[in-house]
Amino acid sequence: MRHIISIMMENEAGALSRVAGLFSARSYNIESLTVAPTEDASLSRMTIVTRGSDEVLEQITKQLNKLIDVVKMQDLSDGDHIERELMLAKVKATGEHREEMKRIADIFRGRIIDVSDKTYTIELTGTGAKLDAFLEAIDPVAIMEVVRTGTSGIGRGDRVLKI
């Protein structure tokens with residue numbers, strides 16, 4: 001099962017390394033990882049996407065709670081949440097492909113953020129499935145480069161991760 005773990009942690013050097021080390025030492029895979037400071041400069045919010053059974057997730061949770069840098073954590077997958085990912089895709093845009101790329105970007109509510117005589121750089125935000133569908137809609141030969149941020153998530157409604 002896929003889990004999105006949101007962690008509030010001390011914004012200190014080495015904190016990210018300790019969390020990543022915990023996963024690698026126990027052979028748990030991290031599918032994506034995002035981290036950035038919060039509105040409180042002393043805290044960072046880390047979002048980890050991983051897969052595993054409930055037993056594996058319980059072990060991950062116990063081990064994360066033992067880390068001194070971790071202030072609070074929550075499995076967003078346990079309830080209603082919103083998740084998004086950002087993707088930048090550089091695609092070939094010449095001849096008849098130029099209008100086709102613009103049309104596909106519009107269908108997926110993407111924005112063309114850079115234009116050259118031969119390429120478009122398209123910015124898309126959405127679920128991982130939406131971004132995957134965009135890439136499937138484009139001729140693979142037209143894709144020059146793709147960069148993705150990984151998942152960020154937040155609880156819906158009154159569900160918050162705050163100390």
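This note goes through the structure in numbered points, from the whole chain down to single residues.

1. Basis. The model is predicted, so local features need pLDDT of at least 70 and side-chain atom pairs count only at pLDDT 80 or more, while totals for chains, interfaces and linings use all residues. Residues are numbered from 1 along each chain as its sequence is written, and side-chain values use heavy atoms, with hydrogens and water left out.

2. Overall make-up. The protein has four helices and nine strands. Helices (H or I, at least four residues) and strands (E, at least two) are DSSP runs, numbered from the N terminus. Their order from the N terminus is β-α-β-β-α-β-β-α-β-β-α-β-β. Along the principal axes, the C-alpha atoms fill a box of roughly 60 × 35 × 30 Å.

3. Of the 163 residues, 37% are buried; buried means under 20% relative accessible area, exposed over 50%, and partly exposed in between (1.4 Å probe, protein chains only). A contact means heavy atoms within 4.5 Å. Among contacts with a separation of 6 or more, 74% are between residues 24 or more positions apart. The protein exposes about 9,300 Å², and carbon and sulfur atoms supply 51% of that area. Accessible areas come from the Shrake-Rupley method with a 1.4 Å probe; for residues, only the protein chains shown count as cover.

4. Helix 2. This helix covers residues 54-66, which makes 13 residues. From first C-alpha to last it reaches 19 Å, close to the 18 Å expected at 1.5 Å a residue; the expected span is 1.5 Å times one less than the number of residues. Its buried residues are L57, I60, Q63 and L64. Seen down the axis of helix 2, they fall within an arc of 130 degrees, so they line one face. The arc is that of the directions from the helix axis to the C-beta atoms. These buried residues pack against strand 1 (2-10), helix 1 (15-25), strand 3 and strand 4 (70-75). On the other side of helix 2, D54, E55 and K66 are exposed.

5. Helix 3. With 12 residues (96-107), helix 3 reaches 17 Å between its first and last C-alpha, close to the expected 16 Å. M101, I104 and A105 are its buried residues. The face turned away from the buried side carries the exposed residues E96, E99 and I107. After helix 3 comes R109, which has a positive phi, near 55 degrees.

6. The whole structure holds nine salt bridges, a salt bridge being a side-chain nitrogen of Lys or Arg within 4 Å of a carboxyl oxygen of Asp or Glu. R103 pairs with E100, with the closest N and O atoms 2.9 Å apart. D106 pairs with K102, and here the closest N and O atoms are 3.4 Å apart. R103 and E100 are three residues apart in helix 3, about one helical turn; D106 and K102 are four residues apart, also about one helical turn. An α-helix has 3.6 residues a turn, so residues three or four places apart point the same way. R103 is partly exposed at 43%, and E100 is partly exposed at 32%.

7. The side chains of R148 and E85 meet in a salt bridge of 2.7 Å, N to O. R148 lies in strand 8 and E85 in strand 5, so the pair ties together parts that are 63 residues apart in sequence. R148 counts as partly exposed at 30% relative accessibility, whereas E85 counts as buried at 10%.

8. A buried strand residue. T47 sits in strand 3 (residues 43-51) and counts as buried, at 4% relative accessibility. Leaving aside residues up to four places away in sequence, T47 touches I4, I5, S6, S32, L33, T34, T151, S152 and G153.
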